[in-house]
Amino acid sequence: MAALPEGVDEAALVAAAARRAVRLHAMRRYRVDGTGGPPAIVLGSGGLGAHAIRSGIARVADLLQARLD
């Protein structure tokens, strides 16, 4: 799990990551009530090599930076 800066829309980030071939899950999906709590994403790396993991993290970082600029 990775906490997101306040104000970042989990669903929008997940959708943008998918367009860059990175699969994430919004933390909201895993909360008991499906709503509250600070923005966060769930990351997974099962079956991926180190290069693919680094590449995916870099893509997510680029997306976050664009949202914070």
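In this predicted model, Ala 3 has Ala 40 of strand β3 as its bridge partner. The link belongs to a pair of strands: β1 and β3, the latter made of residues 40-42, run antiparallel and are joined by two bridges. As a general point, strands of a sheet pair through backbone hydrogen bonds, and the pairing may be parallel or antiparallel.

The sheet takes in one further strand. Three strands form an open sheet in the order β1-β3-β2, and the pairing is antiparallel. Its edges are β1, residues 2-3, and β2, residues 25-26, each of which pairs on one side only.

Two helices and three strands make up the secondary structure of the chain, and along the sequence they follow the pattern β-α-β-β-α.

Is Arg 31 buried or exposed? Its relative accessibility is 19%, so Arg 31 counts as buried, given that the cut-off for buried is under 20%. Apart from neighbours within four places in sequence, Arg 31 is in contact with Glu 10, Gly 36, Gly 37, Pro 38 and Ala 40. Ala 40 is also the bridge partner of Ala 3.

Ala 21 counts as exposed because its relative accessibility is 65%, and the cut-off for exposed is over 50%. Its backbone has a positive phi of about 65 degrees, although Ala 21 is not a glycine. Most residues other than glycine have a negative phi.

What remains is the chain as a whole. A compact globule with 69 residues would have a radius of gyration near 11 Å, and the chain has 12 Å, so the two agree. The C-alpha trace spans about 35 × 30 × 20 Å along its principal axes. Of the 69 residues, 29% count as buried.

Among contacts in the chain with a separation of 6 or more, 59% are between residues 24 or more positions apart.

Finally, consider the surface and the charges. The chain exposes about 4,700 Å², and carbon and sulfur atoms supply 57% of that area. There are 9 positive and 6 negative side chains, and the centres of these two sets lie 10 Å apart.

Note on methods. Residues are numbered from 1 along each chain as its sequence is written. This is a predicted model: local features need pLDDT of at least 70, side-chain atom pairs count only at pLDDT 80 or more; totals for chains, interfaces and linings use all residues. Side-chain values use heavy atoms; hydrogens and water are left out. Two strands pair if DSSP finds at least two bridges between them. Helices (H or I, at least four residues) and strands (E, at least two) are DSSP runs, numbered from the N terminus. The radius of gyration is taken over C-alpha atoms; the globule rule is 2.2 Å times the number of residues to the power 0.38. Buried means under 20% relative accessible area, exposed over 50%, partly exposed in between (1.4 Å probe, protein chains only). Contact means heavy atoms within 4.5 Å. Accessible areas come from the Shrake-Rupley method with a 1.4 Å probe; for residues, only the protein chains shown count as cover. Lys and Arg count as positive and Asp and Glu as negative; His and the chain ends are not counted. The place of a charge is taken as NZ of Lys, CZ of Arg, CG of Asp or CD of Glu.
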